[in-house]
Amino acid sequence: MELLQVLQNEIVNCRLCPRLREHCATVASVKRRAYRDWDYWGKPVPGFGDPLARILILGLAPGAHGSNRTGRMFTGDRSGDMLYGALYKTGYASQPHAVSREDGLTLRDVYITASARCAPPGNKPAPQELRNCRPYLERELELLANVKVVVALGRIAFDTYLDVLKSQGAVRSRAPFPFGHNRQFTTAPGLPALIGSYHPSQQNTSTGKLTEKMLLDVFRNARRAAES
């Protein structure tokens with residue numbers, strides 16, 4: 001747990017991507033009118049959850065006025081509302097809402113992280129920015145020794161995890177692992193199962209591409225995989 005805290009502190013102080021740091025700082029300064037009284041976090045966002053988790057949730061990046069405002073993964077925006085609501089209903093979260101780092105929310109058997117730790121313009125981190133962040137994910141995977149399942153929210157997160165495995169020589173190619181919602185893969189013997197999921201973005205939830213039932217099914221599937 002101490003080593004995980006050291007890693008989280010390193011992430012918060014990371015300055016590897018000047019474009020992202022400038023964007024986060026600008027958003028934190030200008031703010032959104034609805035949050036004008038907030039003291040925005042405006043820094044890279046560390047992972048959050050249970051250090052003994054068997055399930056790792058991997059997202060894309062902090063939202064400009066969500067995690068970049070609150071300083072906690074998937075906290076303060078519509079995506080987080082959907083995600084934490086599903087985690088609560090499946091027994092992984094202590095409450096269904098996440099509004100700030102001080103709201104008392106705790107996670108059981110789940111740890112949440114992201115492919116990029118800074119909010120990117122247009123919600124699109126550049127390939128090099130994703131590569132800059134990847135060593136943090138590699139270290140998290142080493143420190144979270146109990147992880148049995150990785151749930152990747154969205155195609156970029158899915159590919160990011162496979163890129164980690166490819167760089168480590170665990171898989172030769174991403175080709176045998178096509179992304180799809182609630183599709184489960186065994187990547188290599190002894191490694192966590194990989195489950196893909198549509199990202200709980202407002203675009204996906206408002207169009208019905210991702211429903212609450214679909215997301216609940218993902219975490220029920222993840223539980224079965226973690227216990228098998």
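With a relative accessibility of 2%, Ser-67 counts as buried in this predicted model. Ser-67 sits in helix α3, which covers residues 67–70.

Pro-44 is a buried residue in a loop. The loop in question runs between α2 (18–30) and β1, and the relative accessible area of Pro-44 is 1%, so it is buried. Once neighbours within four places in sequence are left aside, the contacts of Pro-44 are Ile-11, Val-12, Cys-14, Arg-15, Arg-21, Arg-117 and Cys-118. For Arg-21, the separation from Pro-44 is 23 residues in sequence and 8.0 Å in space, taken C-alpha to C-alpha.

Now for the overall fold. The protein has eight helices and six strands, and along the sequence these follow the pattern α-α-β-β-α-α-β-α-β-α-β-β-α-α. The radius of gyration is 16 Å, close to the 17 Å that the globule rule gives for 228 residues, so the protein is as compact as a globular protein of that length. Along the principal axes, the C-alpha trace spans about 50 × 35 × 35 Å. Of the 228 residues, 53% are buried. As for the contacts between residues at least 6 apart in sequence, 69% join residues at least 24 apart.

Helix α4 takes up residues 78–89, and its length checks out: at 1.5 Å a residue, twelve residues should span 16 Å, and the end C-alpha atoms are 17 Å apart, which agrees. The buried residues in α4 are Ser-79, Gly-80, Met-82, Leu-83, Tyr-84, Gly-85, Ala-86 and Leu-87. On the strand side, the buried residues of α4 pack against β1 (48–49), β2 (55–59), β3 (110–114) and β4 (149–153). On the helix side, their partners are α7 (202–206) and α8 (212–227). Just after α4 comes Gly-91, with a positive phi of about 85°.

That leaves the pairing of helices α5 and α6. Helix α5 (residues 127–143) packs with helix α6 (residues 155–167) at an angle of about 70°, and the two axes are 10 Å apart. Since angles from 65 to 115 degrees count as roughly perpendicular, α5 and α6 are therefore roughly perpendicular to each other. From α5, the contact draws on Leu-130, Arg-134, Leu-137, Glu-138 and Leu-141. From α6, the residues involved are Ile-156, Thr-160, Tyr-161, Asp-163, Val-164 and Ser-167. By type, the residues of this contact between α5 and α6 split into six nonpolar, two polar and three charged.

Notes. Residues numbered from 1 in each chain as written. Predicted model: local features only at pLDDT ≥ 70, side-chain atom pairs only at ≥ 80, totals over all residues. Heavy atoms only, no water. Axes fitted to C-alpha atoms, helices over the stretch in contact; angles between N-to-C directions. Helix = DSSP H or I, 4+ residues; strand = E, 2+ residues; numbered from the N terminus. Parallel < 35°, antiparallel > 145°, perpendicular 65-115°, else oblique. Contact = heavy atoms within 4.5 Å. Nonpolar A, V, L, I, M, F, W, Y, C, P; charged D, E, K, R; others polar. Expected span 1.5 Å × (residues − 1). Buried < 20%, exposed > 50% of the residue type's maximum accessible area, 1.4 Å probe, protein only. Rg over C-alpha atoms; globule rule 2.2 N^0.38 Å.
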